[in-house]
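Me: I have a model open and I'd like to learn how to read it piece by piece. Can you walk me through some features?

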Amino acid sequence: MKIGKYDIESFVKFLRDNPSFISDVFHMISLDGDVDALKKISEYFNNLDLTSPFKPRFPLHKNYVKFKPQIEEIIRDKNEYALSSLLKIRNYLNEKNDIVRHYSQRSKEYDKIVQFYWPYGREETVKRLELKPGEKLLEIGVGTGLNLKYFPDYCEVTGIDVCEGMLAEARKKLEKYGKKNVKLHLMSANKMKFQDNTFDKALSIWALCSMSDPLGALEELCRVCKPQAKIAILEVVRSPIEEVALLQILLRPINRKFDHIYIEGFPVNSVPFDCYMDLLSLLEKTSIKPVHTEYLTYTKWVLFMIGQNAK
Ligand SMILES: C[S@@+](CC[C@H](N)C(=O)[O-])C[C@H]1O[C@@H](n2cnc3c(N)ncnc32)[C@H](O)[C@@H]1O
């Protein structure tokens, strides 16, 4: 397989020879497009034109601006980090993938990592569900419960996740916020123990990209949600901007035999996810009809979607 002018083996060599590449790419994407990082990447890939007019357009990125100096500092001091990250990726590729083990190991630091790099969109996404008194809401891949505080007390919330360690963190938050209307279950989104047509609304934030079978999870979601149920999704997706998508392929490590993708672009350990999921195509295969879609960040690698279960 070729990626641009590189085949996979030479790309691995390229990564070894250019240890700051991953952090530069990640920097560019995470920081909502840093012009210097873009130029540098463009130098790496001189056959690419990365100067196309990307314009910031989404208003939620103010936190990026807030954290930018800190992130820049981390990246400046951590070029060696990128190299060791790549070695870790290679080790992962030699290991058997295990999403539960991975998230169990990261559950305590998860909030810090995710809030630092993806601070946007949560509250807005929950708000767009327009939850009403008595409605039943399902959140799949609830994780450490970062969205729990946004759920109003007047609806019935069910959160599921495959990782007990993540749920343990979520339970602490339930106690902290005094939430009595939320039930958490250790359960896979691919095989839910709920009756058909149970939920009025559903939510998935940064969860599908971590699942080994996101399409299966979406199909299950359609089954357990009522007809016309509103479904809100905030996800890392394959960008419709060709150049960014190419960078995403490069970040998606090199090996298709694993379901999960481990990106070591984070300063503290890693969060496993597929940064190249074509969510809109997956949705087309289900009964979820998008009624509103919006790319967040001007690199368009995050998609916010409100849909309806048109089954
Ligand atoms: C990136 S975290 C997102 C957590 C949370 N939604 C948030 O907004 O921070 C992904 C979560 O999906 C969970 N997960 C992965 N595969 C799953 C599956 N098949 N069913 C349910 N949860 C799953 C992981 O254990 C992890 O907690």
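Reply: Happy to. Let's begin at Ser281, which sits in helix α12. Keep in mind that this is a predicted model.

Me: Is Ser281 buried or exposed?

Reply: For burial, you count the C-beta atoms around a residue: 20 or more others within 10 Å means buried, and 12 or fewer means exposed. Ser281 has 11 C-beta neighbours inside 10 Å, so it counts as exposed. Also look at where Leu215 lies: Ser281 and Leu215 are 66 residues apart in sequence, but their C-alpha atoms are 9.7 Å apart in space.

Me: Which residues of helix α10 are buried?

Reply: In α10 (residues 214–224), the buried ones are Pro214, Ala217, Leu218, Leu221, Cys222 and Val224. Then ask what those residues pack against. The partners include the helix α12 (279–284), along with β3 (136–140), β6 (199–205) and β7 (225–236). The buried residues of α10 also pack against β10 (288–296) and β11 (302–309).

Me: How do I read β6?

Reply: Start with burial, then go to its partners. In β6, 7 of the 7 residues are buried, so the strand is largely enclosed by the rest of the structure. On pairing, β3 and β6 run parallel and are joined by 3 bridges, with Leu137 opposite Lys201 in β6. β6 also pairs with β7 in the parallel sense, over 6 bridges, and there Ala202 stands opposite Ile231 in β7.

Me: And the side chains along a strand?

Reply: As a general idea, side chains in a regular strand alternate between the two faces of the sheet.

Me: Which elements make a β-α-β unit with β6?

Reply: Follow the chain from strand to helix to strand. β6, α10 and β7 form such a unit, and it is right-handed.

Me: What should I look for in backbone angles?

Reply: Most residues other than glycine have a negative phi. Trp206, not a glycine either, has a positive phi of about 50°.

Me: Where are Glu130 and Trp206 found?

Reply: Glu130 is in the loop between α8 (122–127) and β3, while Trp206 is in the loop between β6 and α10. Glu130 counts as exposed because it has 11 C-beta neighbours inside 10 Å. Trp206 is buried, with 21 other C-beta atoms within 10 Å.

Me: Last one: which residues come nearest to the ligand?

Reply: List the residues around the ligand, then ask which parts of the chain supply them. There are 25 of them, and Gly141, Gly143, Cys163, Ala189 and Ser210 come nearest. By type, the shell divides into 18 nonpolar, 6 polar and 1 charged.

Me: Why does the ligand lie between domain 1 and domain 2?

Reply: Check who contributes to the shell. Domain 1 (2–109 + 240–272) and domain 2 (117–238 + 286–309) both give residues to the shell, so the ligand lies between them.

Conventions
Residues are numbered from 1 along each chain as its sequence is written. This is a predicted model: local features need pLDDT of at least 70, side-chain atom pairs count only at pLDDT 80 or more; totals for chains, interfaces and linings use all residues. A residue is near a molecule or strand if its C-beta atom, placed from the backbone, lies within 6 Å of it. Ala, Val, Leu, Ile, Met, Phe, Trp, Tyr, Cys and Pro count as nonpolar, Asp, Glu, Lys and Arg as charged, and the others, Gly among them, as polar. Domain bounds come from an automatic or database domain assignment. Helices (H or I, at least four residues) and strands (E, at least two) are DSSP runs, numbered from the N terminus. Two residues are in contact if their C-beta atoms, placed from the backbone, lie within 7 Å. Two strands pair if DSSP finds at least two bridges between them. A crossover is right-handed if, with the strands pointing away from the viewer, the path from the first strand over the helix to the second runs clockwise.
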